[in-house]
Amino acid sequence: MTSARGSIRHEGRTIEYDIIRRPAVTRRIHLEMDRNGVLQVVAPRGMSHQALNRALQKRSQRVDRFLGEARARLRDLPELSWLSGEAHLFLGKRYPLEVSVQTSKTGAVALEEGKIRVLSTGDRPEQVKNQVVRWYRQQAQRQFARRLALFCNDAPWVGPELPPLRLRRMKRTWGSCSSKGVITLNTHLVKAPADMVDYVIAHEICHLQEPNHGKAFYALQRGFYPPWRAARARLRAEGHLFLHE
């Protein structure tokens with residue numbers, strides 16, 4: 001949730017930002033950018049606006065570099081047309097759409113012969129998009145539930161019953177774990193390669209044992225999913241591709 005706005009100065013220019021507060025963020029400042037190119041600063045819980053602004057001003061060069069790189073990535077993303085031949089991501093690979101229109105009220109989407117085949121109920125791109133988005137959700141439910149079960153089998157702190165799994169289309173968060181043990185995953189994550197999906201699921205399973213991002217959490221994550229750093233780095237670098245729609 002956006003709680004306030006702030007600004008810093010860098011080389012004679014003003015850099016404005018939104019301040020975001022998330023309960024799970026307790027230690028480090030995170031920089032993000034929304035789809036409109038607005039800088040968002042995720043602040044640690046308990047850090048005052050004044051302390052946050054001082055920290056950002058001290059690192060203004062780094063902030064400016066992040067914003068420039070993030071906006072360049074945004075410009076590189078073409079507007080999606082949702083027409084036949086356009087490539088769309090699924091589990092880290094790109095597949096061309098093959099759209100055909102039928103007159104009935106029900107459509108269908110399937111991954112067949114290296115294509116995402118869409119039997120659409122109309123010829124408008126928005127209709128095709130809605131069908132593919134629903135298909136992504138169905139695939140996310142199937143893929144995430146399977147991986148969650150596999151990882152929970154290797155987590156001795158998880159009981160015989162799997163934690164509840166919920167899906168949401170989110171703009172910034174890949175996953176979360178509530179105080180009641182409910183794991184929520186971003187449906188866009190189904191577009192990412194398997195190692196990134198596994199990292200997010202393993203991360204949230206670790207939160208069932210260690211709610212906060214302290215030393216105990218990172219020690220647990222390191223033992224439970226050793227390649228977490230590489231997967232996190234890739235997800236941060238490529239995540240904008242999976243959110244694009």
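Predicted model: local features only at pLDDT ≥ 70, side-chain atom pairs only at ≥ 80, totals over all residues.
Helix α5 spans residues 215-224, and its axis lies 10 Å from that of α4 at an angle of about 135°. Axes are lines fitted to C-alpha atoms, for helices over the stretch in contact, and angles run from 0 to 180 degrees between N-to-C directions. The angle makes α4 oblique to α5, a class left over after roughly parallel (under 35 degrees), roughly antiparallel (over 145) and roughly perpendicular (65 to 115). Helices (H or I, at least four residues) and strands (E, at least two) are DSSP runs, numbered from the N terminus.

In the contact (heavy atoms within 4.5 Å), Y199, A202, H203, I205, C206 and H207 of α4 meet F217, L220, Q221 and F224 of α5. These residues divide into 7 nonpolar, 3 polar and no charged. Ala, Val, Leu, Ile, Met, Phe, Trp, Tyr, Cys and Pro count as nonpolar, Asp, Glu, Lys and Arg as charged, and the others, Gly among them, as polar.

Helix α4 (residues 194-207) also packs against helix α6 (residues 228-243), where the axes come within 9 Å and cross at roughly 110°. The two helices are therefore roughly perpendicular, and this crossing is left-handed. From α4, D195, M196, Y199 and V200 take part, facing W228, A231, R232, R234, L235, E238 and F242 of α6. By class, this contact has 7 nonpolar, no polar and 4 charged residues.

The second largest pocket has a volume of about 200 Å³. A pocket is an open set of points on a 1 Å grid over the protein atoms alone, with protein on both sides within 12 Å along at least five of seven lines; a cavity is a set where a 1.4 Å probe fits but cannot get out, and lining residues have an atom within 4 Å of a point. Grid points are joined across faces, edges and corners, and a volume is the space filled by probe spheres set on the points. Of the 14 lining residues, L80, A87, R94, L241 and H244 are closest to the pocket centre. Strand β5 (residues 87-90) gives the most to this lining, with 3 residues.

The largest cavity has a volume of about 40 Å³ and is lined by V133, Y136, R169, T187, H188, K191 and E245.

Residues are numbered from 1 along each chain as its sequence is written. Local features need pLDDT of at least 70 and side-chain atom pairs 80 or more, while totals for chains, interfaces and linings use all residues, and side-chain values use heavy atoms, without hydrogens and water.

Definitions and conventions. Left-handed = near helix turned anticlockwise from the far one by under 90°.
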